[in-house]
Amino acid sequence: MAFIAGEVAPGYERVQDAFADNFANRGELGAAVCVYHRGEKVVDLWGGVADAATGRPWSANTLQAVFSTTKGATAACALLLAQRGELDLDAPVASYWPEFANAGKETLPVRWILSHQAGLSALDEQLADPFDVADICDRLARQAPFWEPGTAHGYHGFTYGWLVGEIVRRISGKSLGTFFYDEIATPLGLDFWIGLPESEEPRVSTLVMPELPPIEVMLAWPDDIKQAGATNNDPTSLMHRSLSLFSNDVDWNSPAIHAAEIPAANGITSARALARMYASFVGEVDGVRILDTDIVKQAAHETDTERDLVMNIQSRFGLGFMLSSAYTPMFGPGSFGHEGSGGSLGCADPDRELAFGYVMNRMQLNPAGDPRPAALIDAVTASLA
């Protein structure tokens with residue numbers, strides 16, 4: 001039986017039961033979950049093992065790499081600038097980043113970057129060095145889109161972070177990671193970094209990379225998920241090129257990777273910080289609100305209904321955030337957030353002023369929907385009924 005600690009408010013006992021059941025029946029190794037409702041923390045649980053090799057237990061202060069769940073934090077940086085009037089979402093990217101005005105991108109607006117409609121999901125050549133952000137941005141500025149921008153969307157798995165990050169840097173003078181820490185993490189008191197300080201590295205849990213599920217599970221996947229998997233195995237496909245940007249294997253447990261700024265993929269945080277951040281997007285948390293109602297409405301509005309040209313499935317995006325879908329249901333219509341490879345999830349429901357954060361170190365390959373956060377969300381929903 002996995003060690004579980006933390007607390008839940010009266011009425012949220014179902015969430016604790018679902019969390020324990022994830023360890024007992026859904027392969028959880030180490031994890032944490034946190035929920036805010038109307039600005040108050042109502043669930044804060046953690047348990048299991050932070051490092052399988054040493055047996056180090058997961059503690060209240062354990063941090064976790066969350067992959068694309070980072071994109072929600074990155075989106076919030078751009079949206080905060082828009083809220084302040086420093087960034088016009090309908091202005092050309094080139095008005096802030098002049099070098100971007102190349103290869104038919106002269107009038108491409110900022111909102112198409114945020115909504116994965118820019119056609120820049122991959123690079124013409126693989127990267128040997130994920131740390132040279134200036135070089136990556138130079139390449140993106142010179143490069144022609146893979147499809148006509150604005151006519152369709154396709155998941156910008158890695159390039160999204162560098163594109164948004166460069167826009168933020170050109171306006172604020174700060175790197176994305178620095179801007180996020182100064183303007184969002186610090187006011188809220190978040191344990192959340194995009195570019196981890198060396199002093200925090202000992203707190204980070206060790207990722208266990210995903211394995212293929214049993215064949216009977218894969219055979220039960222919907223046809224579009226099976227087709228997407230086949231597409232990703234084709235090295236010439238846009239999906240493979242977009243998700244396999246690096247010419248060398250990347251060790252996501254490496255302190256060097258943790259310390260880098262890869263704003264689409266290498267955020268280090270906790271469930272508590274994720275939930276608190278999203279709570280500040282839909283209401284006040286201890287007197288602090290980061291995004292106001294108007295910008296959240298814009299961000300949570302679906303921008304394109306066509307099939308994702310990269311992932312080859314029906315995905316849904318607003319401005320930087322995933323929206324509720326069959327594979328990432330969150331809290332249903334109106335909710336927004338972002339999942340990360342392997343299972344992590346941060347999201348919010350504006351109508352109920354509800355915010356959720358879940359992190360884990362055993363990554364699972366569940367393209368049809370990870371049952372662990374789904375079970376926790378179901379339990380939260382039942383608790384509110």
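Predicted model: local features only at pLDDT ≥ 70, side-chain atom pairs only at ≥ 80, totals over all residues.
Arg84, Lys174, Asp182 and Glu183 are joined in a network of salt bridges. Side chains of opposite charge can pair when their charged atoms come close.

Turn next to Arg170. This residue forms a salt bridge with Glu99, and the closest N and O atoms lie 3.0 Å apart. The pair ties together distant parts of the chain. Arg170 sits in helix H5, which spans residues 159–172. Glu99 sits in the loop between helix H2 (70–83) and helix H3 (110–114). The two partners are 71 residues apart.

How accessible are these two side chains? Arg170 has 29% relative accessibility, so this residue counts as partly exposed. Glu99 has a relative accessible area of 41% and is partly exposed too.

Arg170 also forms a salt bridge with Glu166. Here the closest N and O atoms are 2.7 Å apart. Is Glu166 buried or exposed? Its relative accessible area is 6%, which is under the 20% cut-off, so Glu166 is buried.

Glu200 gives another case. Its side chain meets that of Arg203 in a salt bridge, at 2.6 Å from N to O. Glu200 has a relative accessible area of 17%. That value is also under 20%, so Glu200 counts as buried.

Now leave the charged pairs for the strands. Three strands form an open sheet. Their order is S5-S7-S6, and the pairing is antiparallel. Which strands lie at the edges? They are strand S5 (64–65) and strand S6 (192–193). Each of these edge strands pairs on one side only.

Look at the S6 side of the sheet. Strand S7 covers residues 268–269. Two bridges join S6 to S7, and these strands run antiparallel. Within this part of the sheet, Phe192 stands opposite Thr269 in S7.

Methods:
Residues numbered from 1 in each chain as written. Heavy atoms only, no water. Salt bridge = Lys/Arg side-chain N within 4 Å of Asp/Glu carboxyl O. Helix = DSSP H or I, 4+ residues; strand = E, 2+ residues; numbered from the N terminus. Buried < 20%, exposed > 50% of the residue type's maximum accessible area, 1.4 Å probe, protein only. Pairing = 2+ DSSP bridges.
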